[in-house]
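Dear colleague,

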Amino acid sequence: MPFQDQEAPRPQQHEPEQQAQDTQPSENRAGTSAKDLEISFRNHMTHTVGRPLENSSILDQYHALAAVVRDRMMDQWLETIENYKQHNVRVLGYLSAEYLLGPHLENALLNLDLRPQMEEALKNVGLDLATIAAEEPEPGLGNGGLGRLAACFMDSLSTLDVPVLGYGLRYEFGIFRQEIVDGWQVEKSDKWLQYGNPWEIGASTSYEVCFFGHTETYNDDQGLLRHRWVPEHTVKGIPYDTPIPGYQTRTVNRLRLWKAAAVDSFDLSIFNSGDYMGAVRQKMESETISKVLYPPDEQIQGKRLRLMQQYFFTSCSLQDMLRLHCMRGEKLSTFHEKWTIQLNDTHPSIGIPELMRLLMDNHNFSWDDAWNVTQKTFGYTNHTLLPEALERWPLDLFGGLLPRHLEIIYEINERFLDDMRSRYPNDDARMRRMSIIGEEGERSVQMAKLAVIGSKAINGVAELHTQLLEQDTLHDYYETFPERFSNKTNGVTPRRWLMLSNPCLVDLINETIGTRWHKDLYGLRGLEHFADDKNFLARWRQAQEGCKSSLAKYISQNLSITVDPASMFDVHVKRIHEYKRQHLKALHILSLYCQIKNGTLKNPTPTTYLFGGKAAPSYVMAKLMIKLVCSVADLVNNDPATRDVMKVVFLPNYSVSLGQHIYPAADLSEQISTAGKEASGTGCMKMMMNGAVTIGTLDGANIEIRKECGEENFFLFGLTAPQIADTLHAGYQPRAYYERSPLLKEVMDGITSGRFFGGNSATFAPLVDNLLSWDPFFVLADFDSYDTVHTQVSDAYRDTNAWGRMSLLNTARSGKFSSDRTIREYCRDIWKLPVG
Ligand code: 26V
C-alpha cells in the first residue's frame, strides 16, 4: 500500500540526547489546550533537548517547541496513510529538484490551528512565540520561483486532501546566504542542518543507484534478447520525510527527500583490502551527490555532478513508487492507473528512460508495454523559455555516466522520428528540429524534447507562456499532438503568503467578510463592497502602515537606514537577472535624482525603493546590477537634496522569511521583465494578495493579474512580446533611444562619466556598454514608457482614498492566484485525481 513502508515513523535523532523518552503520565501528546501544550513543552525541554528550561537557549526552546508541534502531526500523519491504504487511492508523485519550503514552525501552527493556544502556553512559562520562531533556520532547498512553487503546491495538495508523495533532494547546503560587502554580493554557505532538523523523520527503506560502466546484451531463459547495465559505481539513497500538514484538515502528506550515502558493502570491500583512505574517499564521493544545491548559473550546462543529482533522486523516487505499487498487490502493468508523476521542469525528466529501464531490464517488460505505461504516467511542466536555461547534456558526458539510458533515449528517438516521418514525409528540417539529439555544436541530449515526447501532458505556467511554448519553442510538437498541451497558471498559497505574513490585514478581513475565503480565495471578492467606504479604507491603510513600520524597523536595525513608513514603498524583489531588469529601475531612480537636483521635479512623492534578490555566483552582470543598486542607494540616501524624499535600500539575503516580511509592506509591486521572458512570476501574486498595486509589462502572470484586478487598478508600460519580436526583427538599435531621450542620456552619461559615483567611471562601464550596444532585454526601449507611467503612479499615490481603493480591489480580486485553484486544475485536467 502506498505510504506503508515503515512500521511507525521514528523521529530523526540529531544528537544522542535528543531521543524522545517516555513522558510524564499527565502528558497528552495530541492535546491541543494551552495546558496540554505547556506540559508537552516542559517535557520536551527535559527529555528531548535535555536542558532545564531555566538554563535553555532560544535555540533549545525552538527545538522543544518543534517537537511539541511535530507530536501533534503524528496522529494525523498515520491516519492519512491508513486512509489512503483503505481507499486504495490513486497517488501523485511530484518530482522536483527544488523545494523552497521556508520555516515550518509558524506554518504548522497555523495549519493545525494551534497558534493562539501555543502563544498562551509559552506566555505561561514566560516566553514569546515570535522570538523563538525567529531561531528556525530556513530550509532553502531551492533557488527561486520553481522551488517555491513546489512548496506552495505541497501546501495546497494537503489542504485539498489530495494524496501526494513529493520527492526531491535533501541538500546538505541549500541556497547560499547572501551578504553585501561594499555593495558587492558575497556568498556564504548555508549550514541549515548544523543543529539538526526536527521536522524530518527517517524511514527504514533505502535504494541503490548506479552510475558509469557499460551495457551488455544476453539471452534470457526463454532465449529472448535482453539488455543489462553493468555499472561501475553504486550509491545508496536514504529517505528523510517531512510531514506537510494541510490547512484545517487532518491530511498530512509526505515530502520525501533523498540523501546520498556510500553503499556499505562497497566500502567494506575496499576497507578489507587495506585501503582505508580509498574507502573514505569513496564514501565522500558518494555523499557529494546530495551536498549542495546548484545555483542557476550561466555555466549550468554540462555539469556532471548535476546530472548525477538528477538521476540519483529520480531513480530513488521511481524505485520507491514501484515498490509501494507492488506492496499494494498490484501488477506493474497497472502502474499508470494508480500513479501519476509530475516533472517539475526537465530536472527529473531522466525518469522517462529510467522507468523504461526498470520495467524492461528488471521486470521483463517488452518495449511496447513499458512505453505504454511510461508515456501514460508522466506530465511535464515547463518553467522557462530562455534558451540558455533549457537543459541539454553533451552526449559523451551523458553516455559515460548513464550508458543504458542513452541507449534507451536513442531508441525512443528513433521510434518517434519513424512515426514523424510517416506523418510528415520528406521534411528533414522538421525531423532535425524534433530529434531529442541536438546536432548543432556539440551533440547533446535535449531534455525538454525528451520530456515532451515521454509525457501524456505538457503545460506552461501562465497563459502567455503556454501560448509562446505552443507557437514557438515547442511548436512542432504542439502541431503534432495539440491535445497534450494546456495552460496551468501558477498560484501561491494564501496560508503562508497572506494569513501567516499579514496578521493585521487578515484580522481586518476576517472581521469584515468572515473566514470563508481561507479555503476559497475567491471569497475575498466580498471586500469589493467596501471599496468606496472611506472609514474602511482608513483601516485598510492603517493595517498596511503597521506592516510598513515593522519593515522600517527591520531596516533601521539591520542596515542603519532610516526610512519613512508614510512614504510609498516601491518593491522589486526577485532573483537578480537582466531579463527581470533591476537595472531599469536603478536608471529610473537616477533620473528622478537628476530631476530633483536640477529643480525640474519640484514636489516628488516621498518614496522608499526596496530591492532584494540573489545573483547566481558566476553571473557577473547580475552581480554588477546589485552593485549598481547599492551605489545608487549611497548616492541618493546621502545627498541632502534627495535623502528626505527618496531612500533606496538593498535588503540582503532575500529568502522566504524575508519575503514574508516584505510583501505585506509593499505599496507598489514592480513586475518589469522584458515581455515574453518571465514564464509566470509568483512574487507578483503574493504582493497583489497583500494589497500592492502592480506596475508591470504585459508579461507572464502580469497579464492575468491585470485582467483580474481591472485595467484601472494596474499601471501598464512597455513593449509587448510581439512588439519586442518586431523591434528585434527590424534591427534594434538601443543607442537611438539614448540619443532621443534627454533624460535617459543624462542618466547614462552620468554613470559613464563617474559623476554619480565619486568619479568612478570604470565599474559600470561593462553594464553601460552592454546597454548601448546590444541591450538584449530592451531596457532602453522601455525606459521612457516606464518613466512616464511612474509619474502617474506617484500622482495616484497622493490621493489616499483612490490608492486605497486600488489596493483593496487588488486583494479582493486575487482569488485566482491561490495555488488551490492551480492544483484543482492539475487534478482535473492532468492528474485525474479527486479533490477534497
Ligand atoms: C535558469 C537559468 C539557468 C541558466 C542561466 C539562466 C537561467 C535563467 C532562469 C532559470 C530558471 C529556470 C526555471 C525557473 O525557475 N523558472 C521560474 O519558474 C517559476 C515557477 O513556475 C516562474 O514563476 C518564473 O517565471 C520562472 O522564471
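In this predicted model, glutamate 119 and arginine 115 form a salt bridge whose closest N and O atoms are 3.3 Å apart. Both residues belong to helix 4 (residues 115-124), where four residues, about one turn of the helix, separate them. Glutamate 119 is partly exposed at 37% relative accessible area, and arginine 115 is likewise partly exposed, at 26%.

Aspartate 241 forms a salt bridge with arginine 256, with 2.8 Å between the closest N and O atoms. This pair links distant parts of the chain, 15 residues apart: aspartate 241 is in strand 12 (residues 233-245) and arginine 256 in strand 13 (residues 252-262). Aspartate 241 has a relative accessibility of 0% and counts as buried; arginine 256 is also buried, at 0%.

A salt bridge of 3.3 Å, N to O, joins lysine 585 and aspartate 570. Because lysine 585 lies in helix 22 (residues 582-597) and aspartate 570 in strand 21 (residues 568-573), the pair ties together parts 15 residues apart in sequence. Both lysine 585 and aspartate 570 are buried. Elsewhere, salt bridges with shared partners connect Asp241, Arg254, Arg256, Asp320 and Arg323 in one network. The whole structure contains 55 salt bridges.

Finally, arginine 495, in helix 19 (residues 494-500), is buried, with a relative accessible area of 0%. Its side chain makes polar contacts with the side chains of aspartate 155, at 3.0 Å, and threonine 159, at 3.5 Å. Residues that arginine 495 touches include Tyr247, His518 and Asp820.

With kind regards

Terms used
Residues are numbered from 1 along each chain as its sequence is written. This is a predicted model: local features need pLDDT of at least 70, side-chain atom pairs count only at pLDDT 80 or more; totals for chains, interfaces and linings use all residues. Side-chain values use heavy atoms; hydrogens and water are left out. Helices (H or I, at least four residues) and strands (E, at least two) are DSSP runs, numbered from the N terminus. Buried means under 20% relative accessible area, exposed over 50%, partly exposed in between (1.4 Å probe, protein chains only). A polar contact is a pair of N or O atoms within 3.5 Å; within protein, one must be able to donate a hydrogen and the other to accept it, and residues adjacent in sequence count only if both atoms are side-chain atoms. Contact means heavy atoms within 4.5 Å. A salt bridge is a side-chain nitrogen of Lys or Arg within 4 Å of a carboxyl oxygen of Asp or Glu. Lists of a residue's contacts leave out its neighbours within four places in sequence.
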